[in-house]
Every structure is written in structure tokens, then in C-alpha cells.
Amino acid sequence: MGYSQLAIALLTSAALAAASALLPDSRYDPAVLALAVFTMSLLCFFLALGSRAQTQKQKLADSRKRAKQLDQLLEHSPSALILLSPDFEARYANAKFRNISGLGSRSGRSSEGITPLLSMIPDETRERIRHTLELGRNWQGELHLQLADREEYVAAVVSALRDQQGRLEGYIFSCEDISENKAIANRLFVREHYSVLTGLPNRQLALKNLQHNIEKQRNEDSGFAILHIDLDRIRYINDSLGHLVVDRLFCETAERLRRSLNDSQLVAHLGADEFLIILGDDSCADEASIFAETLLAKIRDSYFVDTHEINISASIGISQYPEHGGDAETLLRRAEAAMFGAKGKGGNQFCFYQQGMASQAERRLETESQLRRAIERDEFKLHFQPVIDLSQNRLVGAEVLLRWHNNELSNPGPAQFISIAEECGLIGAIGEWVLINACKQAMRWRQAGLPEINIAVNISARQFEDSEIVDTVRRALKQSGLPARQLELEITEGLLINDTPNLRQCFQELKKIGVRLSLDDFGTGYASLSYLKRYPFDILKIDRSFVHDIDQSSDSVTLVNAIIAMAHSFNMEVIAEGVEKLPQRRLLKEHHCDMVQGFLYSPALKADDFANWAKRYSDVQQAQHI
């Protein structure tokens, strides 16, 4: 019973007592009745007092229970919570925050150790937090805490705590530990933006940095230069020594470039043998020239990889902001165009971008696009160069050479499109087209009455990677009807660097079919002589570089003689390429070279022209014997 109820009861009793006094005819004695009512009212009063005390005691117990529950809720919350004063002094921190911060089991009621941690928040960030809260909004953001033994990243929310009158009482600081997520994000960032091989920024990050530099310089009305670096002869070294050696070359080059820079410059690995350097602010053409010369000299220094001493050079293209472009893509593309200009002049030099330089990247994309439609447009043509047997001076074969007639690209040569076909995966289809049509052409000549001749077709190393070459050869022989003994497959030394069981199996399968295998361009690479024993080659071809001065250099004669003797010891026939003069032919014959080819007899000819040449050559030989 409350006070109001008690008051009503007392008033009621007083009224009854007064009524009883005014009603003398009542059968109850009014005084007695009034006393009884008063006594009952007094009893109700004391009962109400006891009930109120019990209610207050229960409320206190409930309040303590709720406080304990709230404390448990805060202590076991998955979020880290801190109660801050208006001055950012810590009043309370729950267990989650103590665990994140390394305070361990210290009491949540104590602010010891917490305030120093919060002092790590930069003043600028504190001001942003206060400004956001003053606008009536919660502040959200990411904070970095540098602890004694580690660093933590937290995603934080700060809310203002106000009383009923709106006065600021403090702040509630809640946060989640995102250190693991941050570490994963950092690893992903590194994977996406840095070269796995060299550890340098990759093309994507380089473009971002380049664009940032452009925007910075645009605001400051100044400029800078970039250098696009491409290592020379890397494909040749890759074919000779393998990609593991080349990878170490790239790493060493990256280190040499890195050591050449100061803090205001950046070096990136764009991919393969390409690097980019962004020079510092206000770098002029003279500074870029001097820097490029320094880099060329550093790259020319010998590289030592395992037992190999390797010497390479580089081609460098330079473009400048804002003269050569107003965005990162354009600036990089024009530096690349300048680099190809330097490479076109022989390499080992630098070149500034000039108006009108075509971008090699754009040309490459166009070449790839045109290659994809070359077969269906019937743009490929086969040319044939005669191979002559020296002992009988007789036509015995023809090497097949691919020509691409494409007016839009000005009829590019094999050196310009074969590597692109290999890189974009088109070499398989092109190689099969060459094989089938070469075999068919040989059968047409045979049906036209020409003597039986062997057809030698160059095979790309990429055609061996998936073992498709065996099935391709079978299809070519089946569709054409050409006997397997008349087909020669020419393979360069570079293929043998990747000596694998799968490659050896391909060779064995080809020999079972009955085709002949030829080792092309012998002596230009670094293939081990043990490969001559390991692989079943029938023919060894001496590269033209050993033949061109054989009539002028005794050393060349000695070298060629050694190659011929070695090949014969392995029961291989020898073909010398690039024979252009009679003295060369005479010396090769004297040293028992089996066959020759070159301009002395004929350049590569179209199929019909080759047939006419073969008939004339045969007639001349017959006339001489008569």
C-alpha cells in the first residue's frame, strides 16, 4: 500500500468516526467504532511501510543483478569496448580490448595502461573524431596501434554519451580486431601489385604511381621523365640456357636498378625482360640521358650465373611529362615506342620519344588480331629453298619457309610474327597448316614428274609442349599421302634445353612413324653435345654464321670440319646453310659435307617457281653428264 492509499484509508476512518458520532441511534457505540476504524487504519499504515521497504530492497537487488548482467555482457562482448571521458581519458575497458591491447587480465575498472595506448591515435585523427561527434554523427574508421611486441589494426566506432539534458558525459569507443584481415589484404595487395620474381612493383602498381606523379606535377606545374628498359637477346639466352638462368638474370638486373635509385625515384618490373623507372620531380632531358647511360653501363657488366658468364645489354626508351603525354598509359606507351626505336638501331642505347614513333605494343596487338584470321583469309604462302647433294650435285630436298602476305601490316617476316604466334597460342594451328600443305605440295610435285625430294619443315618448341606434334604429323601424312621417309622435322637447339621424359617420348614416337629429325642452327646455342647421343637425330644443319667466312678464315674451316666429323661419328648427315659462293661450296665438299643450301643455288621460291627451277636444274645436270 502506498502513501496515497494510506492517506485515503485514514481519511475514510476519520469520516466513519465522525459519522458514528452524529448517528446516536446506531447500535454500535460510536466511540468504539471510531477507535476500531482508527486502529485498522493504523495497522494498514504500518503494513504499507513494511511493503515499501520490501519493494525498495527488491529494486536494489534487481538493480545489482542488472548491473552484474551488464558487466558480464560488456566483459564477454565480441567487440572491444572502452568508456572515455570528454578528455579522452579511459574510464573502463572490457576484456576484449585488454586482450587486443596486451593488457591481459588487468581489471576493467582500472584505466592503467589504456590511456597510453589511446595516445597512439594521431592528433589529426582525434580532431576528426571530435569534429564528427560535434556534428551529431558517430565516427567510423580504421586505427593502427603500434604495441610493444606487434602492431594491431582495428575498425573503430566512437559515439558520444550524453545525459538527459544533452550534456556530454563521455564517449563510447567500440572496435573490432581486423589485424588478420589486414594481413590477408596486405598479402593480396602484394600479390596483385608486386612481381613475385623480383619483388618490384608490377605494371599495375607502376601505372598507379605514374598517374599519381602526373597529378602531383600537374598541380605544381612541373614535369619529369620515365625510362622504359628492355633487356636485349633474352629470348636467345632463354633458348640456350633455360628460363631458370633467365629468371636469375632478371633478379640481378632488378637489384642493379634498385641500387641505382634514390628515394625520390621508383623502379618497377613490367614483366618478362621489361622494367620501368620513374625519375624524380623536375627531372630534365639531360638528367634522363645521364641516368640512362649509367644504367646501360651497369647492365653491360658481366652476370655470373652458376658456371656461366653472361653479357647482355639493354634498350632504353625515354618519355617526358607533359611533353609526351598527359596520362600514365600514354606516357608509358610512348616510352615503350622509344625503347623499340633504340632496339631497332641495334640495342645497347637509349632513345627519346619522337612524334610519329609507332607503339610496338599497339603493333603487336594488331599483329595478333590479324594472325587469328590469316588462315581463313588464305594469307599464308609456302616458299621452298632447294637442298643439293654435294657428292652427286643433285636436288634431294627443299626447306619450307612460311611467308605472310598481309597488306595492312606490310607483309611482316617470320621474325616479326612467329614469336607472337607462339605467345598467343596460335603456333599450333599455323604449324599444322604448314605441315599439311607442305606434304600435299610434295605429292603434287611427285605427280607432276619431279624427282622424289624430302620436305624439311621447321617445328616450334611450343608444338612439343602438349605432345600434339605427333598427332599433327600423322594427320599431315595421312591427308597428303606423302611417305614418312620424305618428311624432315627441323628442331632448334633451344627445345633440347627443357630435356624431359615427355620430350624424349615425342621423339621416339616420331621415329616410329618414320620421319627424319634434323637439328637446326647447330652451334648457335648452348645445347650440350650429350643431346646428340640422347636424341635420334638424322641430320645436323650448320648455321650460316659458321659458313659465311669459311673461304676467308682458317679458324672457320677448322670449326666446320670439326662439326662435320662429329656429326658423321654419330651417323648423322650434314647440311650447310647460307652457301652463297663457289669457294664455300668447294671447301664444304672437300671436308665431306653431305648437302648444302643457299643463294648460290636459289633463294626460297614459290611452289610453281620451285618446280620450274627444279626442271631446269635437272636438265642442266643431265646435259652435263651427256
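Residues are numbered from 1 along each chain as its sequence is written. In this predicted model, local features need pLDDT of at least 70, and side-chain atom pairs count only at pLDDT 80 or more, whereas totals for chains, interfaces and linings use all residues; side-chain values use heavy atoms, with hydrogens and water left out.

Helices (H or I, at least four residues) and strands (E, at least two) are DSSP runs, numbered from the N terminus. Helix α5 spans residues 123–134. This helix has 12 residues and reaches 16 Å from its first C-alpha to its last. That is close to the 16 Å expected at 1.5 Å a residue (1.5 Å times one less than the number of residues). T125, R126, I129, T132 and L133 are buried in α5 (under 20% relative accessible area, with a 1.4 Å probe and protein chains only). Seen down the axis of α5, the buried residues fall within an arc of 130°, so they line one face of the helix. The arc is taken from the directions from the helix axis to the C-beta atoms. An α-helix has 3.6 residues a turn, so residues three or four places apart point the same way. The face of α5 turned away from the buried side carries D123, E124 and E134, which are exposed (over 50%; partly exposed lies in between). Just after α5, G136 takes a positive phi of about 85°.

Helix α6 covers residues 179–193, and helix α7 covers residues 203–220. Their axes come within 7 Å and cross at roughly 90°. Axes are lines fitted to C-alpha atoms, for helices over the stretch in contact, and angles run from 0 to 180 degrees between N-to-C directions. F189, E192 and H193 in α6 meet Q204, L205 and K208 in α7, with contact meaning heavy atoms within 4.5 Å. By class, this contact has 2 nonpolar, 2 polar and 2 charged residues. Ala, Val, Leu, Ile, Met, Phe, Trp, Tyr, Cys and Pro count as nonpolar, Asp, Glu, Lys and Arg as charged, and the others, Gly among them, as polar.

Most residues other than glycine have a negative phi, and most peptide bonds are trans. A272 is not a glycine, yet has a positive phi of about 50°. A272 sits in the loop between β7 (266–271) and β8 (274–278). Its relative accessibility is 49%, so A272 counts as partly exposed. D306 also is not a glycine and has a positive phi of about 55°. D306 lies in the loop between β9 (303–305) and β10 (308–310). At 56% relative accessibility, D306 counts as exposed. A cis peptide bond joins Y321 and P322, with omega about 5°. P322 is in the loop between β11 (314–321) and α11 (328–344).
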